[in-house]
Every structure is written in C-alpha cells, then in structure tokens.
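Here's a quick walk through the fold, with the cut-offs spelled out as we go. Load the model and follow along.

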Amino acid sequence: KTRATAEQRAGGGLTAMALVAAARLGARAAYAGVLGDDALSRFSVEELEREGVDCGPCLRRPNARPIHAVVLVDRSTGRRTIVFSDLGVVDRAPAEITAEMIQGTRVLLLDHTAIPAGLRAAAIARNHAIPVVGDFERVADPLAMELMEQVDHLILGLELASALAGSSEPEAIVPALAGPQRACFAVTAGDQGCWYAEYGGPVQHVPALDVPVVDTTGCGDVFHGAYAAALAQGDGVHRAIHEATAAAGLKATQPGGRSGIPDRARVEAALGVRPR
C-alpha cells in the first residue's frame, strides 16, 4: 500500500491535450470527436471550451463517453503509469466526416483511436493540400498502418518507432521509417530529445529542454499540438520541431496533465527567440 500525496481531476487524451497546447500557443483549434451527456463528457467539453477549443464539430450521442483514465505519478522520478477504460467510447463514422469540416483548416491532427474516420479525414485533407499530423501510440487496428501512410508529419514515441523499425537507436529508426514522400518523420525520446528528417533527408537531432522534471504525463501530446500549431502559423519543420520540444519540456515541470502546458511567451523565452 502506498499513500497518495495529492489527487486531482483534469482533462486528458492524446488529441484533446494537443488541441489545448495548440490553443495556448495561439492557434485556433477545434475538436470533432463523439461524446455523450454524462458527467465525464460534460466535464471534457467544459475543460476544452475553457481553453478556447471549439467543440462545435463534436457529436453528442446517448450513452457515449470519453476514455477515462487513472494516472499514477511517481513524484520521485516524474514517471507515470496510466490505467484507462474505453467502455462506452463511440467513434465517428466515416460518413460523418465532411469536406466542409476539413477544407477550412490549415492542419489536420489525427490519432490512432478512430481509424476509419481518420482515413476519410486524411483523404479529404490531402485532396485540399492540407498537412496531416499523426499521433500514434499503437497500431493494433489492421488499418492503422494504412492511416499512417496518409500522414504527412508523423511523430512517434521511441517505443512504437522501435517496434516498427526493428531498432532501438533513433539514428537508425528515422532513415528506416522516413521517406521522400513524407514531409517529416520524427522520433521523440523523452529526455534524450528528438530525431527527425524532412522528406527522407539527413537525420537531425534536437536535445530536450534541460528542466527539472515533475510529471511527464502528456508531454508527447503537447509536442504534437505545439508542432501542429507551428505549422498552422506558417513555420517550417525545423522551427516547429524546436517549438514542440520546448513546449513538451516546459509541460514536464508541473504536475498534472494540462496545468504545465505553456503559452507562447514561455516557449519563446525558453528558445531565446524574438516574440511573434
């Protein structure tokens, strides 16, 4: 038995965390998942809207609910264990993804939790030359690899990237999984930093921000959101990777999922660049 020193309820989720990060960095973000009328769904929407994320495209269905997770954080290391339930989670049907939803965006962010709808959304985005950013933690669905092929900017954590490439070394993983058709392929490796390549070119490394780590929950999601926001605001891959690395590092300095997500001023101060 171990006594908890603190507890709190906070919004989480791969894409939802990324959208909050993007919004705090000045991007206009919208969420297009499926939620219900239960307390957790209402809490999820309220938290997103409080951050300025547009939940207008979100569908509401009776008995639907969000993924619910318990996150255990070891304060001595900042590492976390996540136990989640996806009972009641409802995916959006591909037919419910319309061209009108996608064509007005500058960046489409997808994760691995709704593959058929993701394939439809990615196809529309690519038809309109809209970059697609992908966040995948696993590829259990047979169509996951097909969706991954439709992603222009694919950013994977070291664990999944290693399994796909058959190597644990980021310098070897990036050339194995990048390609001339993909705008960017990146591998994030926590305190080791990030390795990436543009259109299958030379592998580049960006070190992690040197910060005191309190809680790593959501750092990867923040990386994706900051990266997508940078693209939407007209930055190239090099700048986007640096901004995402800084945002993820700053997030790790505070406990909780969203509390440490930085704003634009903090990211630019960490990078030592002139404000936008």
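Buried means under 20% relative accessible area, exposed over 50%, and partly exposed in between (1.4 Å probe, protein chains only). The model is a predicted one, where local features need pLDDT of at least 70 and side-chain atom pairs pLDDT 80 or more, while totals for chains, interfaces and linings use all residues. Numbering starts from 1 along each chain as its sequence is written, and side-chain values use heavy atoms, leaving out hydrogens and water.

Let's start with phenylalanine 84, which sits in strand S4 (residues 80–85); strands are DSSP E runs of at least two residues and helices are H or I runs of at least four, numbered from the N terminus. Phenylalanine 84 counts as partly exposed because its relative accessibility is 43%.

Now for the sheet. It is open and mixed, with 6 strands in the order S5-S6-S7-S8-S9-S10; two strands pair if DSSP finds at least two bridges between them. Strand S5 (108–111) and strand S10 (204–206) are the edges, each pairing on one side only. From one strand to the next, the twist averages 20 degrees, with axes fitted to C-alpha atoms (for helices, over the stretch in contact) and angles running from 0 to 180 degrees between N-to-C directions.

Zooming in, strand S7 (residues 153–157) runs parallel to strand S8 (residues 184–188), joined by 5 bridges. Leucine 154 has phenylalanine 185 in S8 as its bridge partner. Helix H6 (residues 158–165) packs on the sheet, touching strand S6 (132–136), S7 and S8, where contact means heavy atoms within 4.5 Å.
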